[in-house]
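I open this entry to record what I looked up in the model.

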Amino acid sequence: MSRRMRIGEVAERTGLSLRTIRHYEEVGLVVPSARSKGGFRLYTDSDVDRLMVIRRMKPLDFSLEEMRDLLDVVDRLSSDEPLPDAERERLRERLDAYRKVADARCETLRARLMAAEDFAATLRRRLDART
């Protein structure tokens with residue numbers, strides 16, 4: 001049996017706020033694996049991994065629906081239940097489509113970061129020129 005963590009520990013491990021974790025639960029992206037006798041949410045390492053996937057998708061501007069769809073694809077591909085070859089191929093194609101979107105968005109972020117770094121360097125040069 002895997003170790004179970006309360007929401008505070010999960011928040012610490014993921015860098016997400018309690019409120020954000022609860023929100024992701026409310027919208028169906030992650031569901032605690034169990035509840036304690038006192039009603040506290042209990043999460044497993046697998047739940048933490050799922051939250052980390054969500055956290056990594058957020059800066060790439062994936063919508064909640066896209067996150068939900070991608071998590072469904074990953075869940076189905078990772079399932080122990082056998083999939084027909086055609087279904088497995090369709091899911092892999094969807095996963096690859098998300099990879100392509102993520103790659104493109106990463107490239108956009110790199111370009112924006114370069115522009116921001118160039119701007120910061122311009123400000124530093126101006127400061128250095130006046131001293």
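My notes follow by topic.

**Basis.** I worked from a predicted model, in which local features need pLDDT of at least 70, side-chain atom pairs count only at pLDDT 80 or more, and totals for chains, interfaces and linings use all residues. Residues are numbered from 1 along each chain as its sequence is written, and side-chain values use heavy atoms, with hydrogens and water left out.

**Confidence.** I noted an average pLDDT (the predictor's confidence in each residue, from 0 to 100) of 93 for the protein, with 98% of the residues at 70 or above. Helices (H or I, at least four residues) and strands (E, at least two) are DSSP runs, numbered from the N terminus. Confidence is lowest in strand 2 (residues 34-35), with a mean of 88, and highest in helix 5 (residues 85-129), with 96.

**Helix pair.** I found helix 1 (residues 7-14) packed on helix 2 (residues 18-26) at about 105°, with the axes 9 Å apart. Helix 1 is therefore roughly perpendicular to helix 2 (65 to 115 degrees). Ile7, Gly8, Val10, Ala11 and Thr14 of helix 1 make the contact with Leu18, Ile21 and Arg22 of helix 2 (heavy atoms within 4.5 Å).

**Pocket.** I then looked up the largest pocket, whose volume is about 150 Å³. A pocket here is an open set of points on a 1 Å grid where a 1.4 Å probe fits, with protein on both sides within 12 Å along at least five of seven lines; lining residues have an atom within 4 Å of a point. Its lining consists of Ser46, Asp49, Arg50, Val53, Leu71, Val74 and Asp75. Helix 3 (45-57) gives the most to this lining, with four residues.

Terms used:
Axes are lines fitted to C-alpha atoms, for helices over the stretch in contact, and angles run from 0 to 180 degrees between N-to-C directions. Angles under 35 degrees count as roughly parallel, over 145 as roughly antiparallel, 65 to 115 as roughly perpendicular and the rest as oblique. Grid points are joined across faces, edges and corners, and a volume is the space filled by probe spheres set on the points.
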